[in-house]
Amino acid sequence: MKGTLAQVRGYERSVQLLMVNQFTINLGFYMLMPYLAAHLSGTLGLAGWIVGLVLGVRNFSQQGMFLVGGTLADRFGYKPMIVAGCVLRTAGFATLGLVDSLAALIAASAATGLAGALFNPAVRAYLAADAGERRVEAFALFNVFYQAGILLGPLVGMVLTGVDFRVTCLVSAGIFALLSIVQIRALPARRADDTKGGTEGQDRDGVLAQWRGILANRPFLLFSGAMIGSYVLSFQVYLALPLEVRRVGGDGEFGTAAVAALFAASGLSTIAGQTRVTAWCKARYEPGQALTRGLAAMGLAFVPLSLATAVPVPDSGVGLWLLAAVPPMLAALLLAVGTMIAYPFEMDTIVRLSGDRLVATHYGLYNTICGIGITLGNLLTGASLDAAREAGMPALPWICLCALGLACAAALWGLHRTGRLAAQAAGPQPVAA
């Protein structure tokens, strides 16, 4: 960790602040969100479909508004959108802890989602701009802080929720309020055109013209489509892997501990290894080669689970525990390794494919595309898990997930070999007729 902090000190103050901010954003978010469903269904006594509606509104408002958030960041500057997102999330999280009417809960949930859509593209575009030629290393460090927040947040939330969920909401809201003040006072202002010469007039085109130009950027769209698989696969740490642990090991204390260990292994391995993995890959591979290897590793993560389906499930004892915990743990670790390999080069490739123009808007559209892919991928994965077990083919979902990773890796390799992952020329993108 000392080495990581030493690397962070080598960047401008703005980059350092963005990394610490992302840790704090994830800390505040993940101390609350894992416990929201239990609060809505338990404390407030809401029906399951209403709980799903409230949670779905947050996800939809965030994924659906990423493009708008990125566009606003490019048009009005990165700092205003980061501040606006933090302020909006302050209000949303405080409201979630203080109200019990359905309308207010939906409005608060929508506000928290919109907040993410405002600051996420802006933060990444700002980081890319100020890191300059060291973007890949900066995004590797960024991912360390990102994962540290995800790891620590639920632990803090568990303690606070043990007192009262309203305390969790108010503390989380307080964190975002403090973040808002810090951004206003300490984060330098940065516009999208501060990092380019002579493109200000082009970036003041109409919004629809800008969007048409981005949609005409074929290499960017092909890259976005190929990368959907990485998000579908990595999300299985939260969906398929916990379900498999509980299917084999049961819903008791062992199952709960094993699921917690999955999350801990994924987060800790990233914190410990991200910068080393990135340095190793950068010294040996071109970005397209690193991306291909990262996706391949993520696909191969599901091989242990596929092989484990051929082993008879013991009735009890150490054998049952090992079968329930070891294959999912190996899968989680391989998914973490694949993400460590791919993520910094993925973020850098988006900037290169944008031609350093409308970077936040490109990040916004990219997040929207991948968010739609995650939703569809999770629906198909959940349905296939149930259908495969009923059909007596429990290995089929894992084989399909493995195939998805390898297919996306092949697509990325094809884009790399044909030069479509190379930097685009800065300047106006072609506009579709």
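Tutor: Contact here means heavy atoms within 4.5 Å. This is a predicted model, in which local features need pLDDT of at least 70 and side-chain atom pairs count only at pLDDT 80 or more, whereas totals for chains, interfaces and linings use all residues. Residues are numbered from 1 along each chain as its sequence is written, and side-chain values use heavy atoms, with hydrogens and water left out.

Student: Which residues does His416 touch, not counting those up to four places away in sequence?

Tutor: With those neighbours left out, His416 touches Glu286, Gly288, Gln289 and Leu421. His416 itself has its place in helix H17, where helices (H or I, at least four residues) and strands (E, at least two) are DSSP runs, numbered from the N terminus.

Student: Why is His416 called buried?

Tutor: Buried means under 20% relative accessible area, exposed over 50%, and partly exposed in between, with a 1.4 Å probe and protein chains only. His416 has a relative accessible area of 15%, so it is buried.

Student: What makes H13 largely enclosed by the rest of the structure?

Tutor: Of the 14 residues of H13, 10 are buried, and therefore the helix counts as largely enclosed. Among them are Gly288 and Gln289, both of which His416 touches. The buried residues of H13 pack against helix H10 (218–234), H12, H15 and H17.

Student: How do you know that the length of H13 agrees with its number of residues?

Tutor: The expected span of a helix is 1.5 Å times one less than its number of residues. For the 14 residues of H13 (residues 287–300) this should give 20 Å, and because the end C-alpha atoms are 20 Å apart, the two agree.

Student: What makes a space a cavity rather than a pocket?

Tutor: On a 1 Å grid over the protein atoms alone, a cavity is a set of points where a 1.4 Å probe fits but cannot get out, and a pocket is an open set with protein on both sides within 12 Å along at least five of seven lines; lining residues have an atom within 4 Å of a point. By this rule there is one cavity of 30 Å³ or more. The lining of the largest cavity includes Glu244, Arg247 and Trp398, and H11, H16 and H17 each supply at least two of its residues.

Student: Which element gives the largest share of the lining of the second largest pocket?

Tutor: That share, six residues, comes from H16. The pocket is lined by 13 residues, of which Gly377, Leu380, Thr381, Leu401 and Leu404 lie nearest its centre.

Terms used
Grid points are joined across faces, edges and corners, and a volume is the space filled by probe spheres set on the points.
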